[in-house]
Amino acid sequence: MPIQEASKIWMDGELVDWRDATIHILTPTLHYGWGVFEGMRAYDTARGPAVFQHRAHMERLHRSARILQLDVPYSVDELMEATRELIRVNDLPSCYIRPLVYLGYGEMGLNPLPSQVRVSIAVWPWGTYLGEEGLRNGVRGKVSSWQRIGANMIPTGAKAAGVYINSSLAKVEALQAGYEEAVLLNEHGHVSEGSGENIFVVSDGVLMTPPLSEGVLRGITRQAVIEFATDLAIPFVETTLLRQDLYLADEAFFTGTAAEVVPLRSVDEREIGPPGPVTKQLQDLFFSVVGGKEPAYDHMLDYVKG
């Protein structure tokens, strides 16, 4: 999906024109993938744009950086205010938000520690990641031939730039085979996650998702959906899932900032079916929350204009 340009990008405390937000070709992050990032969304509400789970995302950015020994030169609060300012300056009612912590020009090699840590934040209008049709009626998934990286290969708890070649390979394979999304298994053959989403299944009325120990990123939307399920008295458990559990599921769906809450209607040509009642209930509540229509969950929204 082509990027729709905005006016300004925030780079190291300065607002820079979109076309001037560039880095040197010898920036180490480009060569070695040494960096961390976040993905957030601001939604259009009656009170103006509101960032969903803003603090949780910026705190995860800091945790990811800590795992990779990157010393972020801005606090969580400073990054949150920079994001608010950026959305206001670009005059966007809703947008996708991409903070990036990367290594600046001046050092090269596999040792990142001498390099200067830089930070940028970009915002732009971005529609539904897996398409409106997928959001309504579900997407088709393919179990990938590419294995989800193990925690002893690269820390799976870090949202690290270099990790995502693993996800991209799985995504491209799925698309080229005629599917909308991939499902990755880990080294034990257990279900881990989608190429850019966490995964849930419903079986006999119980909502299930793999635990973090299966190589799962601690998804912000994942955690919100777990909170919603608890409040709605939907039985929930974190548990190991096998490929066959996807085939036999009564319902299944993906969660993620880009994807939001998207039903999974089939896996490997095994039909799960149209979005079921649990999926619809959680999806409806999610969009009501991010639209600022659920006062009980207002703590999940950071209103850009106060």
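Which helix supplies the largest share of the lining of the largest pocket? The legends below, drawn from a predicted model, begin with that view.

**View 1. The largest pocket and its lining.** About 880 Å³ of space lies in the largest pocket. Its lining is made up of 41 residues, of which Phe 37, Arg 98, Lys 159, Tyr 164 and Gly 196 are the closest to the centre. The largest share, five residues, comes from α5, and the elements that each supply at least two lining residues include α5 (164-176), α2 (54-67), α6 (220-231) and strand β6 (95-103). By residue type, the lining divides into 17 nonpolar, 17 polar and seven charged residues.

**View 2. The second largest pocket and its lining.** The second largest pocket holds about 450 Å³ of space, and among the 16 residues that line it, Ile 3, Arg 98, Leu 100, Ala 122 and Trp 124 are the closest to its centre. Strands β1 (8-11), β6 and β7 (117-124) each contribute at least two residues to this lining, which divides into 14 nonpolar residues, one polar and one charged.

**View 3. Aromatic rings around Trp 126.** The structure holds eleven aromatic pairs. In one of them, the ring centres of Tyr 96 and Trp 126 lie 4.5 Å apart with the planes at 80 degrees, so the pair is edge-to-face. This pair links distant parts of the chain, since Tyr 96 belongs to strand β6 whereas Trp 126 sits in the loop between β7 and α4 (132-137), 30 residues apart. Trp 126 also pairs with Trp 124, and because their planes stand at 45 degrees, with the ring centres 6.1 Å apart, this second pair is tilted. Tyr 96 is buried, with a relative accessible area of 4%, and Trp 124, at 9% relative accessibility, counts as buried.

**View 4. An aromatic cluster and two arginines over tyrosine rings.** Tyr 43, Phe 52, Phe 286 and Phe 287 form one aromatic cluster. Arg 47 lies over the face of Tyr 303, at 3.7 Å from the ring centre, while Arg 270 is placed over the face of Tyr 247, at 4.2 Å from the ring centre.

**View 5. Helix α6 and the residue that follows.** Helix α6 has twelve residues and reaches 17 Å from its first C-alpha to its last, close to the 16 Å expected at 1.5 Å a residue. Its buried residues are Ile 220, Thr 221, Arg 222, Ala 224, Val 225, Ile 226, Phe 228 and Ala 229. The helix is followed by Ala 233, whose phi is positive, near 60 degrees.

Conventions
Residues numbered from 1 in each chain as written. Predicted model: local features only at pLDDT ≥ 70, side-chain atom pairs only at ≥ 80, totals over all residues. Heavy atoms only, no water. 1 Å grid on protein atoms, 1.4 Å probe; cavity = no way out; pocket = protein on both sides within 12 Å on 5 of 7 lines; lining within 4 Å. Points joined across faces, edges and corners; volume = space filled by probe spheres on them. Helix = DSSP H or I, 4+ residues; strand = E, 2+ residues; numbered from the N terminus. Nonpolar A, V, L, I, M, F, W, Y, C, P; charged D, E, K, R; others polar. Expected span 1.5 Å × (residues − 1). Buried < 20%, exposed > 50% of the residue type's maximum accessible area, 1.4 Å probe, protein only. Phe/Tyr/Trp six-rings, centres within 6.5 Å; stacked < 30°, edge-to-face > 60°. Lys NZ or Arg CZ within 6 Å of the ring centre and 35° of its normal.
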